[in-house]
Structures are given as C-alpha cells and as structure tokens.
Amino acid sequence: MMGDGWVIQATPSSNKKKNKKKKNKGGTKKKMTHDQVLAFKFVSEWVFLDHPSASSSSFSSSPSAASCVVDDFGVQKPVGRGGEKLLFELHSHSKFSDGFFSPSKVIERAHINGVKVLALTDHDTMAGIPEAVETARKYGIKIIPGVEISSIFSPRGDSELEEPVHILAYYSSIGPTRFEELDKFLSNIRDGRFLRAKNIVLKLNKLKLPLKWEHVCRIAGKGVAPGRLHVARAMVEAGYVENLRQAFARYLFDGGPAYSKGSEPLAEEAVKMICHTGGVAVLAHPWALKHPVPIVRRLKEAGLHGMEVHKSDGKLAAYSDLADAYGLLKIGGSDYHGRGGHNESELGSVNLPVLVLHDFLKVARPIWCNAIREIIECYAEEPSDSNLAAITRFGRTRILKGDSPLSCGQDLIDHCLPLWLSSQEMENAEFEAIKLKLSNVSVSQVLVET
C-alpha cells in the first residue's frame, strides 16, 4: 500500500514510445490469447444484447474462431467479413452541461468514429440521456446512462487542502434506482453551480472585466447550470481573453483570482450516492488532482469501483499502479466536449483493451442486474404510474414501438428484460416471481401515449 508521500508522475507506461513507433508503421498484429478471446466473447454478448444477429456476426459460435486480432496494446482489430471492433467511449459531454453539441450530435459523431458503446456523462445532470438513447438506436450504438458528479475532497481538519473531485457514475440501461433521491442530490449541486457562476462574474467585474450574467446564461442555454467553461466562453466572446486556455490560466483556475466554490457534496458522499442508486463509481481524471493518493484511499473506503487511467495518448503508468494498489478498475474516456482545438481528444480516441472492458463489465453487470431487479420489483409491489415511469424512463419509445402488444405487466417485463440482460442473468427465481405478480396487472396508459 502506498503512503501519502508517494509522488505520482503522470507519464505513459515505459513501453509507450516503443509501441508508438510500431503503431506508426502499422503495428504488430497478433492472434488473441485465450483470455482475450473469452473477454471479447463476454463483452460482445453484452454490447449486442438487443441485436443478437450483430453479435453472431461479430463472434463465431466457437470462441477459438474469433474474427479479431489484437495490436500491441491489446486493442481488438477486425479481421475479415463481419469483424467488429468494440469501441467504448466512457466519458463525454453534451449541451446539457458544458459540451458544445446536443446529445444527438454527440451520438452522430460517435457513430462516424466507430463507437459501439457510449456513456453520456454530463456534469450533475442526466437530462440528455433520453435524447441520446433515441438517437443511438438509429445507429446501433449502446448507451450507458451516466453522470459526472462534482464534489469536494476535504481532508479531515485541514480546509486548506480542499480540492474539487469529479466522480463518474455509470448506470444500467434502465437507469438509477431511487431516481428521485439522486435527482435531488444532483439538483442541489446544480443550484450551487448557479450561485458559483454568479460569484465568478462578480469577481471578474471587480477585476475590471464587466462581464454580463445574461451573456453567460445565454451561452449555457435554457435550464443549464452555468460552469466555468461557460464563463470562459463569454470572456472570449467579450474580448477579455484570447481563448479558453487563457481564461482559465489567468482567472478561473482552482484558487485563481475569479475562482469560487459551489455547494458540492463531499466526494465520499457522491461515491456512496452512486452505490446507493445502483451505479458504478469511477474517479475522473485523477491526474488533475493535487493529492491523488489520500483521495483514492478515502474514496475506496466509501465504495469507489475504479479510476480513469487510459487516455488517448496511452495508459498513465503511475495511475495504473495506484489503481492496482487499491484494487480499482482501470478505465478511461476522451472527456469529449466538442470545443475542438489541439488539446481535446476526439470521441472514441481512447482504445480500451478488451481485458479492461471485460473487467469493467464483470464488476458493472451484477450491479446493474440488481438495479434492474429492484426497479421492476418496485413496480410489481406497487404498479403505479410513477413506478412504471422508472422502468420506461430512458427507453419509453423503444417499448412503444415493440412488435407485439403489451397487455399486462408480465408482457412488459418479457419485452424489456432481453434488451437489458443476458439469458443467464434472466435465469433468476426472483425475476420469475416478479413476472408472476405482474401477470394480472394491466399496463398503464403511459405506454400508449404518443
């Protein structure tokens, strides 16, 4: 285990330069190992749950006949007809927080880039998920409903060492359990973001930069809680700085002359809320932290499942070691906002190795399966419209457009479960008991509204 004095140098793994040279020459293709073959089969099964024909074209019925090889980084490359590359994008933003594009535009760009699975992780809101799900259906992309929660790490008894920490939450296709509880938690953060942005504008005004609050709100968009990026964009448009980087470097950086705190919860509380609502909790961009080791240790105690380690330019060896030391999943994503420029990674630019995807889903799927069971069990116990809405929150149109009519609650569950769970996951006595309870429950008119 590592002490607090352990120094982290955020450099890629030692083999990166060597591998990069090979990559530039086309890379060295190798057959998948037995573990990689099994991992690919496991991941592929989940990705194509609701498109079984696509799954079969991506993977032969014989595991030894996988239509893929892997490159030096363990990333799958398609070989021959029907070969699929399972590209995951686990960190992206839309206009519902501080991204530049609508969820639909984000999905369209992801499709162009070959992404098969995308997690939309807007800051402190899940409002963009329904649009993302609807658009993704057109392109055969699977959506992981997500959110990036803003929080504060506060060392016990030392407020001087406080720093912002962002926690990514990944949920099942059905979404969070106890949604209202999570929504209130996120709403409080968003309210704090409004106050924080107003304080930043006031500080800028005192610094002789007469930025208007209305300008910031117009950039953020209706109903979106303004963040520092929105303020920075307003500063650029007003001509006070040349670009976004300059706005942050001069005024908006943590502790800067115009910096202001919001009303973010403690990082441990954010992790516990994610676990409480059926999600997988992952520490975002740990390389941005001043004191990553004590933060990781404390969050692991609170229930943290993983941390970002992979970036578009390779795996960061020091953070990979830190994740190993605390038994955490090692994932990554582009953190795409759509702002463009040399400093932003493109959607799908983080090629996560198949074994990494396997490890992520190995942890996530049981959590998501339990969340799905809990949500439909609530509906079976109390078949109210609100409990039905919890089932259809992110996939109502998909259910409406089903081929067969849904006359009772059991029909609904029979229709939905194969979209969310494997046949093995559905072989559960609890699911059968739930179906039995719903066999005489009429499906609410909610499902037949257009």
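**Aromatic pairs and their surroundings**

Modeller: Among contacts between residues at least 6 apart in sequence, 71% join residues at least 24 apart. The model is a predicted one. Its chain has 18 helices and eleven strands, and 52% of the 450 residues count as buried.

A search of the whole structure finds five aromatic pairs. In one of them, the ring centres of Tyr 170 and Phe 360 are 5.6 Å apart and the planes stand at 80°, so this pair is edge-to-face. Tyr 170 belongs to strand β7 (residues 163-170) and Phe 360 to helix α13 (residues 354-381), so that the pair links distant parts of the chain, 190 residues apart. Tyr 170 and Phe 360 are both buried.

Another pair is formed by Trp 287 and Tyr 319; with centres 6.3 Å apart and planes at 75°, which is over the 60 degrees required, the pair is edge-to-face. Trp 287 is in the loop between β8 (280-283) and α11 (292-302), whereas Tyr 319 is in helix α12 (residues 317-325), so the pair ties together parts that are 32 residues apart in sequence. The two partners are set apart by their accessibility: Trp 287 has a relative accessibility of 26% and therefore counts as partly exposed, while Tyr 319, at 4%, counts as buried.

Tyr 170 and Phe 360 also belong to a cluster, in which ring pairs link them with Trp 46, Phe 88 and Trp 368. The largest nonpolar core has 51 residues, of which Leu 118, Val 165, Ile 167, Leu 283, Leu 299 and Met 307 touch the most other members. For Leu 283, leaving aside neighbours within four places in sequence, the contacts include Val 165, Ile 167, Leu 299 and Met 307, and also His 166 and Glu 308.

A separation of 6.3 Å is found between the C-alpha atoms of Pro 145 and Gly 175, which lie 30 residues apart along the chain.

Aromatic rings also meet charged groups. The charged end of Arg 233 sits over the ring of Phe 100, at 4.0 Å from its centre. Arg 365 lies over the face of Phe 42, and here the distance to the ring centre is 4.8 Å.

Helix α9 (residues 244-252) has Gln 246, Ala 247, Tyr 251 and Leu 252 as its buried residues. Seen down the axis of α9, these fall within an arc of 145°, so they line one face of the helix. Arg 245 and Ala 249 are exposed on the other side of α9. The buried residues of α9 pack against α6 and α8 (228-237).

Helix α16 (residues 409-420) consists of twelve residues, and its first and last C-alpha atoms are 17 Å apart, close to the expected 16 Å. Its buried residues include Leu 412, Ile 413, Cys 416 and Trp 420. The buried residues Gly 409, Leu 412, Ile 413, Cys 416, Leu 417, Leu 419 and Trp 420 cover an arc of only 155° around the axis, which puts them on the same side of α16.

Most residues other than glycine have a negative phi. Lys 208, by contrast, has a positive phi, near 70°; this residue lies in the loop between α6 (179-206) and α7 (213-220), and at 70% relative accessibility it counts as exposed. Asp 335 likewise has a positive phi, near 55°. Asp 335 is placed in the loop between β11 (329-332) and α13, and its relative accessibility of 25% makes it count as partly exposed.

Key
Residues numbered from 1 in each chain as written. Predicted model: local features only at pLDDT ≥ 70, side-chain atom pairs only at ≥ 80, totals over all residues. Heavy atoms only, no water. Phe/Tyr/Trp six-rings, centres within 6.5 Å; stacked < 30°, edge-to-face > 60°. Helix = DSSP H or I, 4+ residues; strand = E, 2+ residues; numbered from the N terminus. Buried < 20%, exposed > 50% of the residue type's maximum accessible area, 1.4 Å probe, protein only. Lys NZ or Arg CZ within 6 Å of the ring centre and 35° of its normal. Expected span 1.5 Å × (residues − 1). Arc of directions from axis to C-beta. Core = buried A, V, L, I, M, F, W, Y, C linked by side-chain atoms within 4.5 Å. Contact = heavy atoms within 4.5 Å.
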